[in-house]
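These are my notebook entries on one structure.

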Amino acid sequence: MCFVVEGRAYVGGAVRYVSLLVEGGAIKSLKGRGEGCRVLQFSAKHLILPGFVDVHVHFRDWGLSHKETLLGGSAAALAGGVTAVLDMPNTRPHIRTAELYAKRLAEGSALPIHYGVHMGVPEDLAELDAARPRSVKIYPEDVERFGWAHVERLLERCRSLGCVAVFHCEDPAYLAEGSRPPEAEARCADRVALYARRGYRIHVTHVSLPYTVEALRGLATVDATPHHLLLSSDKCSGPLCRVNPPLRGEDQRRRLLALFLAGAVDMYATDHAPHTLEEKLSGSPGICSLDVASSLLLRFWRDGLLGLDDVVRLYSFRPARFAGLDVGLRPGAPAAFSVFKLEEFAVSERDFKGTCRFSPLVGLRAFGRAVAVASKGVLRLLETGEAVA
């Protein structure tokens, strides 16, 4: 089975016209037409981009399916042109054992996108030897439960296994009675910098402070979310805007965004965290964004604030390398790419295709809608629902 996608594509650092011949799930040629293959042509108003990879999502399920499911999460990913994700382990039960880790990966393997998951902090570190995960997610609650000494032993074990420690960087010693001050993140960043200087591989996710970016530059990798880059506590309040770590003041947001645009942040990731509307109105932290995150990032390109190479580096190539994936548009690579229609729009609830259909990002200006996504040997045409194999 084969198909050909023709149109303008970002290949090798430039935009050029291609005929992507896909056969058996892999790209066979950039300028070929296989005999008997379905040919799909896209106009100059479209752009083919390497598959986006999101290293921080919450697909819930496992006791939390009222919030989101694996299938619902993958629908949100496809809507945003995301071909691969790394899910978080704070399900019910929390993924702290090799058995649960393997079970989750097996369930995720049936999804139309590539699915990976960060392992949670195990009480018995021998579970890491059995699971051999690429990454382990460390929450403030893990530090509170197990202590920093356990975390340091985990880092040492990860060093021997080659896995990366992914920190939700807030020191629980500074969290009290629902308050999550900037000091909690800053002091955690200081500690993580010390760990990184010892040679441990560390990634800090959803940074909210420019201080964190500056303290860890050259020591650990970091990612930033659309909500921390585009929303501030000064202009976004109320339950829909509640998230951990919290939105910061407008001055901090602007400084974080400036660092992001200057190339000081390594990756772009959503922390896509669905809840029911009732839960959100009751104060549950988390913001939905996976469906529109790529369009919000492409807006920076449209406005001349980022190059297309920056967009691809932040949300495709670097996250793919982190996840151990190949998303290159070249012969021999797996077919993992998306076609975007280059149009401006204001984010609306209609743009959300997962279980969560509400977000404080609604109303923001965006650019580029995913209209087709190639993953796992199938090209899905999002406007019609057709799947071309």
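Is Glu386 buried, partly exposed or exposed? I looked it up: Glu386 is partly exposed, at a relative accessible area of 31%. The classes I use are buried for under 20% relative accessible area, exposed for over 50%, and partly exposed in between, with a 1.4 Å probe and protein chains only.

I note the ground rules here: the model is predicted, so I take local features only at pLDDT of at least 70 and side-chain atom pairs only at pLDDT 80 or more, while totals for chains, interfaces and linings use all residues. Residues are numbered from 1 along each chain as its sequence is written, and side-chain values use heavy atoms, without hydrogens and water.

**Salt bridges**

I searched the whole structure and found 22 salt bridges, each being a side-chain nitrogen of Lys or Arg within 4 Å of a carboxyl oxygen of Asp or Glu.

I went to Glu386 again and found its side chain in a salt bridge with that of Arg38, 2.9 Å from N to O. Arg38 is in strand E4 (residues 38–41) and Glu386 in strand E18, so this pair ties together parts 348 residues apart in sequence. I take helices (H or I, at least four residues) and strands (E, at least two) as DSSP runs, numbered from the N terminus. Arg38 counts as partly exposed at 36% relative accessibility.

Next I checked Asp129 and Arg157, whose closest N and O atoms are 2.4 Å apart in a salt bridge. Since Asp129 belongs to helix H3 (residues 126–131) and Arg157 to helix H5 (residues 148–161), the pair ties together parts 28 residues apart in sequence. Asp129 is partly exposed at 35%, and Arg157 is partly exposed at 27%.

Arg198 sits in the loop between helix H6 (182–197) and strand E12 (202–205), 46 residues from Glu152. I have Arg198 as partly exposed at 44% and Glu152 as partly exposed at 27%. I also recorded one network, in which salt bridges that share partners join Arg299, Arg302, Asp303, Glu344 and Arg365.

**Pockets**

I worked on a 1 Å grid over the protein atoms alone, where a cavity is a set of points that a 1.4 Å probe fits but cannot leave, and a pocket is an open set with protein on both sides within 12 Å along at least five of seven lines; lining residues have an atom within 4 Å of a point. Points are joined across faces, edges and corners, and a volume is the space filled by probe spheres set on the points.

The largest pocket holds about 500 Å³. It is lined by 24 residues, and His58, Arg60, Asn90, Tyr139 and Pro285 are the closest to its centre. I sorted this lining into five nonpolar, ten polar and nine charged residues. My classes are Ala, Val, Leu, Ile, Met, Phe, Trp, Tyr, Cys and Pro as nonpolar, Asp, Glu, Lys and Arg as charged, and the others, Gly among them, as polar.

The second largest pocket holds about 420 Å³. Its lining has 23 residues, with Ala79, Lys353, Arg369, Ala370 and Leu382 closest to the centre. I count ten nonpolar, three polar and ten charged residues there. Strand E16 gives the largest share of this lining, four residues.

**Helix H2**

In helix H2 (residues 98–108) I list Ala98, Leu100, Tyr101, Arg104 and Gly108 as buried. Down the H2 axis they fall within an arc of 165 degrees, so they line one face of the helix; the arc is taken over the directions from the helix axis to the C-beta atoms. They pack against H1, strand E7 (82–87), strand E8 (114–117), strand E9 (119–120) and H3, with contact meaning heavy atoms within 4.5 Å.

**Backbone**

Most residues other than glycine have a negative phi, and most peptide bonds are trans. I looked for exceptions. The bond joining Arg92 and Pro93 is cis, with omega about 5 degrees, and Pro93 lies in the loop between E7 and H2. Asn244 to Pro245 is also a cis peptide bond, omega near -10 degrees.

Asp271 is not a glycine, yet its phi is positive at about 55 degrees. I find Asp271 buried, at 5%. Arg132 has a phi near 50 degrees and is exposed at 52%.
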